[in-house]
Each structure stands twice: as structure tokens, then as C-alpha cells.
Amino acid sequence: MTGSGANSVVEWLISVAPDPEACRREWERNPLGVALLPAGRRWDVLILPGELGYPTLDVLTRLVDRPGPVLADFGDARMGFFVPPGTVARWLGTGVRGAGSGTWIVVPYPGRTSGGMRWLIPPDGSGTLTDASLLELAMHEAAANIAAGDRGGDGGGEGGAA
């Protein structure tokens with residue numbers, strides 16, 4: 001990511017920091033290339049286990065041209081979907097953690113591979129977020145596909161030819 005596109009993404013991300021310019025300086029100097037940013041201002045983050053997150057992202061990218069930003073840790077254990085602020089306070093799903101108002105998230109510098117986190121779908125600088133209802137539908141479809149795949153490989157249960 002280069003030029004004004006990268007600048008608008010950085011501006012959008014650091015706009016939530018208590019001191020955006022101090023955040024920018026630290027972010028650019030930090031050898032890990034990460035910043036700690038508060039959730040709940042411009043976005044919340046729904047954190048899914050990787051085994052559900054990746055299939056959910058597959059479904060989501062079939063439903064919309066461009067979902068909101070998505071983070072993943074390098075162990076692929078967790079994925080964070082950026083959703084509108086206030087989503088976490090209303091979220092009722094189980095097995096999904098949330099970062100909303102009063103919490104902070106580790107955010108890698110856009111376009112840079114960094115310590116422990118990476119962008120699967122980087123922010124575009126425009127403020128695009130994933131609609132929480134659409135994310136929930138994609139999660140349900142992904143979970144159903146996972147369950148069907150688990151059942152499909154069991155050999156059909158009892159019975160069979162003698």
C-alpha cells in the first residue's frame with residue numbers, strides 16, 4: 001500500500017487514538033509495527049476462532065464485494081472482524097469474543113507484516129465495516145458447512161452391505 005491510499009488508511013486508524021500524532025510516531029518506530037488502539041469509537045471487533053473465522057470469511061466474500069477490515073494472528077487461532085461501534089454490547093452469540101467500548105486491540109501498520117498480527121482484509125480508509133447481521137448470517141452458513149462436512153465423512157452410520 002503506497003501513496004495517499006496508505007495515508008488515508010493510517011489516518012482513519014489513528015483517528016481513534018487519544019493522541020493520534022504520538023500514536024503515528026510510535027507505530028512507525030515500533031519494530032513490531034503494531035499499535036494499541038481503542039475499540040468502540042469508529043469500530044468494534046468481533047473475534048472468532050480461526051476454525052470458524054476462515055470459513056466465515058469465505059462466505060462473507062461471496063456475499064459482498066468488500067467486507068470491512070479483518071485481522072488474523074499468525075497462529076491462525078483467531079480472526080477479528082471490524083464491525084460498527086456498539087455491536088459488541090448487543091452481541092448475543094456464543095463462542096465469539098468482542099472488543100468494544102473500553103477495550104483496546106493490537107493493530108498492525110497497514111501493508112506491513114508485523115509481530116503476531118496481519119491484515120487479511122486491510123482497511124480501505126473510507127470507514128468500510130462489516131455489517132454485523134451479514135457477518136452473523138455468514139457465521140451460521142459457515143458453521144452449517146463445517147457441521148455437514150464433519151457428518152459427511154463418517155461412513156454413513158449403522159447398516160451398510162453385508
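This is a predicted model: local features need pLDDT of at least 70, side-chain atom pairs count only at pLDDT 80 or more; totals for chains, interfaces and linings use all residues.
Is Trp-104 buried, partly exposed or exposed? Residues are numbered from 1 along each chain as its sequence is written, and side-chain values use heavy atoms, with hydrogens and water left out.

Now, back to the tryptophan. Trp-104 counts as partly exposed, because its relative accessibility is 44%; here buried means under 20% relative accessible area, exposed means over 50%, and partly exposed is in between, with a 1.4 Å probe and protein chains only. Trp-104 sits in strand 6, residues 104-108. Helices (H or I, at least four residues) and strands (E, at least two) are DSSP runs numbered from the N terminus. Together with Leu-36 and Val-106, Trp-104 makes a nonpolar surface patch of about 290 Å² accessible area. Patch members have over 30% relative accessible area and no salt bridge; like charges are joined within 9 Å, and nonpolar side chains (Val, Leu, Ile, Met, Phe, Trp, Tyr) within 5 Å. The areas come from the Shrake-Rupley method with a 1.4 Å probe, and for residues only the protein chains shown count as cover.

Let's turn to strand 2, residues 44-49. Five of its six residues are buried. Strand 2 runs antiparallel to strand 4 (residues 78-83), with six bridges between them, and Leu-48 has Met-79 as its bridge partner there. Strand 2 is also antiparallel to strand 5 (residues 97-99), through three bridges, and Leu-46 faces Gly-98 in that strand. Pairing here asks for at least two DSSP bridges between two strands.

Next, the charges. How many salt bridges are there? The count is five, taking a salt bridge as a side-chain nitrogen of Lys or Arg within 4 Å of a carboxyl oxygen of Asp or Glu. One joins Arg-62 and Glu-141, at 3.1 Å from N to O. That pair links distant parts of the chain, since Arg-62 is in helix 3 (residues 50-63) and Glu-141 is in helix 5, 79 residues apart. Arg-62 is exposed at 56% relative accessible area, while Glu-141 is partly exposed at 34%.

Another salt bridge brings Arg-118 and Asp-76 together, at 2.7 Å from N to O. Again distant parts of the chain are linked: Arg-118 belongs to strand 7 (residues 117-121), Asp-76 to the loop between strand 3 (70-73) and strand 4, 42 residues apart. Asp-76 is partly exposed, at 33%.

Arg-78 pairs with Asp-73, their closest N and O atoms 3.2 Å apart. Asp-73 counts as buried because its relative accessibility is 10%, whereas Arg-78, at 40%, counts as partly exposed. Glu-11, Glu-21 and Arg-24 are linked in a salt-bridge network.

Last stop, the largest pocket. Its space is about 310 Å³, and 15 residues line it, with Trp-91, Leu-92, Gly-93, Glu-136 and Met-139 nearest its centre. Which helix gives the most to the lining? Helix 5 does, with six residues; helix 4 (87-90) and helix 5 (132-152) each supply at least two. For the record, a pocket is an open set of points on a 1 Å grid over the protein atoms alone, where a 1.4 Å probe fits, with protein on both sides within 12 Å along at least five of seven lines; lining residues have an atom within 4 Å of a point.

Technical notes
Grid points are joined across faces, edges and corners, and a volume is the space filled by probe spheres set on the points.
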